[in-house]
Amino acid sequence: MPSHPARATADTAAHPSPLSGASERPVLEVDGIWKKFGDHDVLVDVSLSVRRGQTVCILGPSGSGKSTLLRCVNWLERPDHGHIYLSGQRIGFRQKSELPMSQAELAPIRARIGMVFQHFNLWPHLTVLGNLIEAPIFVQRRPREEVIAEAEALLEKIDLREKRDVYPARLSGGQKQRVAIARALAMRPSVLLFDEATSALDPELMGEVLVVMEELAKDGMTMVVVTHEMGFARDAADEIVFLDRGRVVEVSPPDKFFDVPKTERARQFLQRYGSSLRTGLRDVRASEARQ
Amino acid sequence: MTAYDYLSLLQGAAVTVSLSLVGIIIGVPLGLVLALARWSEVPALARAVAAYVSVLRATPLVTLALLVFFALPNVGVPIDPVPAAIVSITMNTAAFNCEIWRAALNDFPRTQLDAATAVGMTPGLAFRRIVFPQIWRISLPGLVNEMTLLIKSSPAIAVVGIVDITRAAVRIGAQTYEPLPPFLTATALYFLVVLGFVRAQRSIEVHLDRKFGFA
Ligand SMILES: Nc1ncnc2c1ncn2[C@@H]1O[C@H](COP(=O)(O)OP(=O)(O)OP(=O)(O)O)[C@@H](O)[C@H]1O
Ligand SMILES: [Mg+2]
């Protein structure tokens with residue numbers, strides 16, 4: 001392996017979440033992940049860790065490898081080197097051997113990692129409720145009545161109870177994304193990954209999704225959020241991981257990152273994307289949601 | 001044409017329908033299995049299936065039936081006309097069905113599969129719960145079209161000595177020196193059989209729509 005800059009891990013930043021004890025093993029550890037597509041280095045020795053209840057926002061220019069990083073976490077993409085640990089359990093390789101896990105072995109681990117996609121990826125042949133209960137029933141094999149009751153409570157929480165029996169095609173983008181979040185939550189995941197969950201939405205629909213995400217963060221959900229919404233990152237993140245050309249360039253608490261970025265690359269990035277610090281707009285949304 | 005002649009035409013129709021049905025009942029799922037083998041991206045398997053499909057699609061059913069019936073005994077596998085007919089019909093239709101299923105699988109959005117994988121579905125579960133309930137609907141018209149083509153090419157199996165509708169009509173025409181009535185009757189019978197299949201498609205669609213349907 002070529003030499004690399006010192007590993008920046010979220011652990012090195014003194015910014016513990018109030019929910020997590022210092023001695024507890026992080027929920028998610030990404031340890032020295034490398035990924036190439038062809039001869040293009042997409043991820044170069046990426047490490048980070050996320051403690052229980054923490055929200056870590058991953059920022060970075062387009063093409064910097066943010067999606068690939070999230071997809072490596074649940075092994076939708078197989079990293080070339082490095083390890084991922086979920087609550088201390090290594091993903092992708094069998095214990096005590098370098099033999100890769102089969103799909104059947106990966107599946108129950110993936111079930112503990114929720115993922116929310118840019119384009120929602122709802123299943124169009126299932127109703128809203130059907131989307132929520134599908135995996136809890138068929139993957140986790142939990143009792144149907146219990147799963148339905150929990151799904152209905154989730155729909156209540158995202159304010160979509162009346163859409164229970166509607167097919168996704170009939171929902172707005174913002175509603176679809178809230179359903180997709182509820183679908184992930186229905187699995188009671190240990191960590192939730194968001195890949196630009198609001199990027200495909202019209203600006204007026206972003207708010208309703210960001211509000212749900214913010215509430216989850218506040219409720220102590222462990223989250224890794226790739227986003228271009230700087231306002232959200234500043235308000236909701238416990239930690240910012242700045243990715244550039246596949247490398248972790250900076251790990252800082254949000255106030256530090258946005259006010260006094262450590263690196264030149266981060267400064268350039270903030271100049272370009274900082275305009276989406278829609279603080280004013282977001283405050284309006286937040287107060288709307290509180291009412 | 002005597003009543004007996006009509007009866008033998010009807011018998012021919014029964015042969016055509018039952019052999020075609022057997023071919024369809026085996027050939028449709030077999031086509032799906034072949035399509036999944038190509039979709040699996042296991043290189044050797046995918047290439048073997050691709051080769052099978054292109055050879056089978058280029059082989060006329062008559063030639064295939066003759067090959068199965070006369071060549072298999074040559075390599076020590078004696079085969080009767082009916083099994084030979086079933087084997088050749090099934091091999092032929094499975095190749096075409098494979099292409100129909102494959103088109104639907106290729107068009108299936110990866111994103112939906114990502115979502116299924118991310119919630120912990122194994123490939124098999126994702127196929128059963130997410131992929132199949134959507135692709136059957138897309139594939140059904142193509143599959144039924146292939147069924148009607150199969151019925152219309154089924155007279156080819158007469159070469160191994162099976163008396164289907166067309167073969168029965170030829171016989172009657174040769175005996176009575178009046179080819180028109182038996183062939184008109186044969187035409188009507190094919191029409192009814194194909195109509196039956198198309199009707200069946202509609203009711204299957206309605207039934208499955210009620211079961212898995214989505215707006
Ligand atoms: N399956 C793939 N095959 C080949 N190259 C890929 C693949 N997926 C991603 N890449 C490349 O890897 C690089 C990083 O992609 P990635 O999608 O992870 O970036 P990103 O930070 O999520 O960008 P964006 O903000 O545009 O979503 C890009 O150059 C992309 O073209
Ligand atoms: Mg991306």
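Predicted model: local features only at pLDDT ≥ 70, side-chain atom pairs only at ≥ 80, totals over all residues.
1. Ligand 1 is surrounded by 13 residues, of which A:Ser62, A:Gly63, A:Lys66, A:Ser67 and A:Thr68 are the closest. By class, this shell consists of eight polar, three nonpolar and two charged residues.

2. Two elements of chain A, β2 (40-50) and α1 (66-73), each contribute at least two residues to the shell around ligand 1, and the largest share, three residues, is that of α1(A).

3. Several side chains place polar atoms by oxygen atoms of ligand 1: the distance is 2.5 Å for A:Thr68, 2.7 Å for an N or O atom of A:Ser67 and 3.2 Å for A:His40. On its own, ligand 1 has 640 Å² of accessible area, and the protein covers 60% of that.

4. Turning to the interface, 25 residues of chain A are in contact with 21 residues of chain B, and the two chains bury about 2,000 Å² between them, with 66% of this area on carbon and sulfur atoms.

5. Two salt bridges are found by the rule across the interface of chain B and chain A; B:Asp114 and A:Arg71 form a salt bridge through their side chains, at 2.9 Å from N to O. Six residue pairs across this interface are in polar contact, both residues being at pLDDT 80 or more.

6. On the side of chain B that touches chain A, α5 (110-118) and α6 (123-153) are the elements that give two or more residues, and α5(B) gives the most, with seven. That side of chain B has, by class, twelve nonpolar, seven polar and two charged residues.

Key: Residues numbered from 1 in each chain as written. Chains lettered and ligands numbered in written order. Heavy atoms only, no water. Near = heavy atom within 4 Å. Polar contact = N/O pair within 3.5 Å; in protein donor to acceptor, adjacent residues only side chain to side chain. Areas by Shrake-Rupley, 256 points an atom, 1.4 Å probe, with all protein chains shown as cover. Helix = DSSP H or I, 4+ residues; strand = E, 2+ residues; numbered from the N terminus. Nonpolar A, V, L, I, M, F, W, Y, C, P; charged D, E, K, R; others polar. Contact = heavy atoms within 4.5 Å. Buried area = accessible area lost by both parts, 1.4 Å probe. Salt bridge = Lys/Arg side-chain N within 4 Å of Asp/Glu carboxyl O.
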